[in-house]
There are 2 protein chains.
Amino acid sequence: MAGEFDLIEQFFSKRQTSRKDVLLSIGDDCALVKPPEFSQIAVSTDTMVAGTHFLADADPAWLARKALSSNLSDLAAMGAVPAWVSLALTLPEMDTEWLKAFSDAFHQFADYYDIQLIGGDTTKGPMSITLTVQGLLPEGKALTRRGASVGDWIYVTGNLGDAKAGLDVILNTVHGGVASQPSALLKVLEKRHFESTPRIYAGQQLLNRASAAIDISDGLYADLSHILSHSSVSARLDVDALPLSAELQEYCSDPQQAQQYALTSGEEYELCFIVPELHRGSIEIELANIGTHITCIGQIQSGSGIVLHASGEPLNWTLSGFDHFNNND
Amino acid sequence: MAGEFDLIEQFFSKRQTSRKDVLLSIGDDCALVKPPEFSQIAVSTDTMVAGTHFLADADPAWLARKALSSNLSDLAAMGAVPAWVSLALTLPEMDTEWLKAFSDAFHQFADYYDIQLIGGDTTKGPMSITLTVQGLLPEGKALTRRGASVGDWIYVTGNLGDAKAGLDVILNTVHGGVASQPSALLKVLEKRHFESTPRIYAGQQLLNRASAAIDISDGLYADLSHILSHSSVSARLDVDALPLSAELQEYCSDPQQAQQYALTSGEEYELCFIVPELHRGSIEIELANIGTHITCIGQIQSGSGIVLHASGEPLNWTLSGFDHFNNND
């Protein structure tokens, strides 16, 4: 007996945010939660597997933060307020040092967003982390991928492309080799890959204002395509408008490469959202109020697919998205 | 693009029970669900990993059924009505034949219990299956591990021990060797290991009647111990009363071995529940009405721990439970 249960008790159950809507937490057959009246629940599940999504020797604190970010980002894209999370943790061996670092970071990040760990499972096997997060929304207000209309404007939060450049550093595929790039720059980009911040507060400001939203987990090009197909519209996208960090511009050899990074960089956890003309003003003001930088990068049109433009001319770039079963093997 | 998303679409999203309380299912950043008023939600997460919980070449239909059973059993132990399930499926490669068999069985079993697949994640990596199930309960009625009082009676559903004997068959550790046991018997026991039935309807009949309940996933001895420690009581357990199948009695060389199997057999998905004297009659009638066999195996006493008895005499057996990080390596 003992091991598996002690493990959960010791690292996870006795030290967390205690929400009033959690009636029973870790330690019974199920957790019991009670959502407020007139609310809906947004539910999302994401898995991260060693060797596929991260290297087995990755910093456990970074992993905890990344796993939560990835899931919270899905809640942000619906405009939901984070409430509860379940953690399924599979580990090859019981490494208490690893578990301490992971659980410390997990609780710190979860506390910040007032999301309570309500249960999960700890098993032995190849390392992987699966989270199911739940968030609350006022009835009928959720942002989906379906509402984009012709004439609406396309926005993104933050800068795009850094996460992909950071992955180059982690995987040792830096352009021109590591030696040719300043090491301070590479450190910054690597950190950006792990420390993307889910846009929880921005997502909540978009409720009642944006017509559709998605978080950028598979790359802007791929994720915007999901909005377009769900909404049966097309997009004209101005690549010169893409928000690029100074670091990405320094890292990439030419501006087009930086733009292509911005279009295909996965796991950014920025939001891509669609705004009717009527609400542009209020969204720009509200997001500036909470300190979230946003950029208009194009407009919704009739038809299907994405048409890339630069300096008023259409582009013929071939881009690929982020898919664990295909391109990223 | 494509692969990962097509995979989910093709096998899981277009063919399921459609519940009225699911407002948005697979295909957006989150699912959206709306529980009825005055209800609470029971949430449980379980992971099954190839090599730890099952062999990689196990029948995918059996696996789907087992993964759902294990999770539904947690809902049953709280008395909850199954509602929604999220599936995180990690596979080493995209094997459409495997996926078809798995998803067919998954949907068939989920439909039977009217539980809707609302989302999940499909990733590449060593095979594992994590489910998060959610069920509904009337406010304040959930069965927990905390309510057992001195004098209450201890019951179990069904027979115990077959799942452990089935595991012997799967792992090739049959007593006396496979050759010494009838092959028809071994087939039955193997099947029992995979086809344990979650006691969903029995659990619902226990609401308002039982004082505590747990499902038998780590073995009766270990799971009853959880009830005892949560309720601060002890148990006197009569091993001669343990319900044993004819097959287990044939398989085991002596009655004591069969009893020890019944006490330690994990993944049974039977319920162990505690009943105040006042409600014994109504529980026995209600469970007989739905065709669920139950057996009284002992009584709650003051103190702590389990005292095993046979023919009125205390026993000194040393038993071990089911723990992936320790005993079952």
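Contact here means heavy atoms within 4.5 Å, and everything below comes from a predicted model.

**View 1. Helix α4 of chain B and what it packs against.** Residues 162-171 of chain B make up α4, and the helix is mostly covered, with 7 of its 10 residues buried. Those buried positions are B:D162, B:A163, B:A165, B:G166, B:D168, B:V169 and B:I170. They pack against three helices of chain B: α5 (183-194), α8 (246-251) and α9 (255-264).

**View 2. B:T132 and its partners in both chains.** Look for B:T132 in strand β6 of chain B, which spans residues 128-138. With a relative accessible area of 3%, B:T132 counts as buried, because the cut-off is under 20%. Its side chain has a polar contact of 3.1 Å with the side chain of A:T132, plus one of 2.9 Å with that of B:T45. Leaving aside residues up to four places away in sequence, B:T132 also touches others, including A:S86, B:W84 and B:S86.

**View 3. The open sheet of chain A.** Here 7 strands line up as β8-β10-β7-β11-β9-β12-β13, with mixed pairing. At the edges sit β8 (212-215) and β13 (313-314) of chain A, each pairing on one side only.

**View 4. Zooming in on β7 and β11 of chain A.** Strand β7 (residues 153-157) runs antiparallel to β11 (residues 294-301), and the two pair over 5 bridges. For a handy landmark, find A:Y155, which stands opposite A:C296 in β11(A).

Note on methods: Residues numbered from 1 in each chain as written. Chains lettered and ligands numbered in written order. Predicted model: local features only at pLDDT ≥ 70, side-chain atom pairs only at ≥ 80, totals over all residues. Heavy atoms only, no water. Helix = DSSP H or I, 4+ residues; strand = E, 2+ residues; numbered from the N terminus. Buried < 20%, exposed > 50% of the residue type's maximum accessible area, 1.4 Å probe, protein only. Polar contact = N/O pair within 3.5 Å; in protein donor to acceptor, adjacent residues only side chain to side chain. Pairing = 2+ DSSP bridges.
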